[in-house]
Amino acid sequence: MSVALKDRSMVLQKEMIADHFEKLAHATETKTPVVYTFVPGNLTELIRSFGALPVLPEINALQSGMRKLSGEYIAEAERAGHSEDVCTYVKCDIGMMRSGNIGPGGKKLPKPDLLLLSYTGCYTFMKWFELLREEYDCPTVMFHVPYQGDGKLEPEHREYMLRQLREQVIPALEKATGRKYDEEKLRHHLALSAMAEEDLVAVLQAGKKRPSPIDGYFGTVYYVGPIFSAFRGTQEGVDYYRALREEVEERAMLGLGPITPDGPLEGEKYRLVVEGPPNWTHFRDFWKMFADEKAVVVASTYTKVGGTYDFGFRHDPNDPLGTLADYCSGCYTNLNLPSRIDMICQYIKEYEADGFLINSVKSCNSFSAGQLMILREVEKRTGIPGAFIESDLVDPRYFSAANIKNRLESYFQMIDARRAGKTP
Amino acid sequence: MATRVDGGMGTPMARGAVVEWARDIYDDLDFTVVRQWLEDHPKGKAGGYLPVYAPREVLHATGFLPVGIHGGGDRLEIIRGDAFYQSYICHLPRSVIELAQSGRLDMLSAVLFPSTCDVIRNLSGIWKLLYPDVYVRYVDVPQIPDPGAAAEFWAGELRRLLDDLGDVTGHRPTDEELRRSIALYNETREMIRTLYAARRERPWDVPTEELYLLLRAGESVAPEEFIARAKQYLAAVAADPKRQRDNSRVVIVGAFCEQPPLGLIKSIERAGCYIVDDDFLVGNRFLTHDVPTDGDPVRALADAFIRNDMKSSVLYEIDPGGKRSLMKNRVAAANADGIIFATPSFCDPALLDQPMLRNGAEKAGIPCIAFKYAENTGQFQQFREQAGTFADSIKLWGAA
Ligand code: SF4
Ligand code: SF4
């Protein structure tokens, strides 16, 4: 492991996560309520304002993927009758639960006191919590976030979300935690969120520099981890993003490239924009395929599933419930296909990318259905040919290293040829 | 090409003639009956909707002929559609895109994409990009049966649709006109319930193949025409009773969106199963009770959706025990012996629901089998064998 990997932000993140899972492991003894919810449209500040701890099953699933446990968990779920065709996050989670519910910290996760179904941009979420409810037999509250079908948040939809927050979600949290809603506490958490978001955006936008001091996909999935999960609205989150920003700004000042699994990347050769989630079971191998070619991802859409902060959104403590509604509506998977295409084209332009790649994962219809149309449209609008590869999130059966490597190599060769043609 | 049937809609017709009328419409992927309707109604427009639930009353009241878009089944070769979808996405959207890209849906001035799943949702975005002149709306139905916020939200969506669709046709309906459309669709749903009741009671007289063709025709013709043909069909059935066979009674679950090929339905029936309930084309009877035709009609439609007792994989189930008891209740209501989970490959709503539904069914001692299909599946031997073995085992099990 390189020295750079022991950056302060990394140490901080490790400590924060370990501490969080430790708290979860003792939640029953400490009588700390536990709320399960999803990454897109998570209401972490609201959950925290009730003194509860969030658990995000997608994060557990991706961690299981990285720790090479997902294959067995998925097999367990399939043996119990779950179809091979559906999202592997769900099956990984169900398999993990059936195998003792040992979380990423190596300790048993507590049962939920409430399943907060934030139905934001993914149909599977709805079924996932129906399935978990069967197993945990605990209360579930649904928060329906209308999809931005016409590419904008419609005022009536915002009103609908506000009413649900007031009339359904908050009462359910009050009941599950035994505490009253405290708007001042919520404002406090929201103010902390906004501070962290400001620093995160500075980190993300560092990808515009040449060379980019960050990898906007592989590296950034680590960077967004705290804010997409349990730490938005916390002081730890603020400290983490401040430290991260300082490190990234320093690297930018020194003209350094991003840190990769094999140390700092020097001699950035290709600048890419990536659409779609990564594969987690072979995450390092996958990243290495890019790093070996000196390809740096300067921006990605996946790192916006938990909020599109780089387009200006910040949680606003002056409008506590309204800002939660705005946040949920604006998460990447809640945007329609034309908006997603606009975003990718904008990234290509602003981050001066010379290529874009779609990693289409079998699990996820929310992301994947329509990606071939995205490919065509982006190629048409930017004049840059894209690459299309297929894998999965946490199902190791669907990661074909040789195929993906071949595809990437030919893609980089094509970029070279185009460059040669343009600059004789 | 769909042929016109002689004799007008009020006169009696032989069962075969009604079925052939419906089969012609089903087979005709050029939607000739819709094009004919447009010729006959120069001020009217055709408005498509994808599965599952779209408020047809609103299309109708604004001057549209509502047209169900269900893919091309096994009758359509996919040439362009595969370029839009990866292999691990169900067949329906590629088939719908094929219909559209080959010009077969060019008579549609509006298309509604209900919140059935993320595939149909994202298809709405593709449509916006490919057909910018067509009115496209993702119809996000409320997910909780809450008479406050959810009903208000849905009423707002319906008003928006009335305004937008009214702009397309140039006809913003009065409350009275919307009430008339509501009444017409109440009658349509009542007719479908009557057909289902007839099949449940005498499945030997009302084969599902025939019922299904009639319902499919109903997705392309005006509601009055469907009602009239359905009446003729029921009258013909009553006049032409068939012999009851020693078949098992099954419920089909999971086929609410991408439709099975007709051959699959026939194979199940020929294997010794009477299909006594199913969720084919379930959008046509999604509202289980009549919508009131007095008061504010938008509010009436919104409240009807909220109060509705249709259980479906495309809606969130608020009752924690709901999934466990659903199959037991449906089997009891249909007086059925078993369940066939017949689901399209890669269909999230159906396949994610299946373990919960099957678990509940098996706990209640209901025999189940499950298989997957695609709308263009061409080989039925395997399904026939599976269904035949199932029917036999039910008989043995029932006799034990
Ligand atoms: S379908 Fe996609 S967005 Fe939904 S849970 Fe699975 S991976 Fe996440
Ligand atoms: S068949 Fe299933 S996955 Fe495919 S569009 Fe229909 S509901 Fe969605």
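In helix α5 of chain A, the buried residues are A:Thr88, A:Tyr89, A:Val90, A:Lys91, A:Cys92, A:Asp93, A:Ile94, A:Gly95, A:Met96 and A:Met97; buried here means under 20% relative accessible area, with exposed over 50% and partly exposed in between (1.4 Å probe, protein chains only). That makes ten of the eleven residues in this stretch, 88-98, so the helix is mostly covered. Helices (H or I, at least four residues) and strands (E, at least two) are DSSP runs, numbered from the N terminus. Just after α5(A) comes A:Gly100, with a positive phi of about 110°.

The model is a predicted one, where local features need pLDDT of at least 70 and side-chain atom pairs count only at pLDDT 80 or more, while totals for chains, interfaces and linings use all residues. Residues are numbered from 1 along each chain as its sequence is written, chains are lettered from A and ligands numbered from 1 in the order in which they are written, and side-chain values use heavy atoms, leaving out hydrogens and water.

As for the interface, 57 residues of chain A and 54 residues of chain B take part in the contact (heavy atoms within 4.5 Å). About 4800 Å² is buried between the two chains, with carbon and sulfur atoms giving 56% of it; this is the accessible area (1.4 Å probe) that two parts lose on being put together, summed over both. The rule for salt bridges (a side-chain nitrogen of Lys or Arg within 4 Å of a carboxyl oxygen of Asp or Glu) picks out nine across the interface of chain A and chain B. One of them pairs B:Lys323 with A:Glu130, at 3.8 Å from N to O.

Over in chain B, strand β2 (residues 64-68) is largely enclosed by the rest of the structure, because five of its five residues are buried. B:Phe64, B:Pro66 and B:Gly68 point one way from the strand, and B:Leu65 and B:Val67 the other. In general, side chains in a regular strand alternate between the two faces of the sheet. Strand β1 (residues 45-49) of chain B runs parallel to β2(B), joined by five bridges (strands pair if DSSP finds at least two bridges between them). Within that pairing, B:Gly47 has B:Pro66 as its bridge partner.
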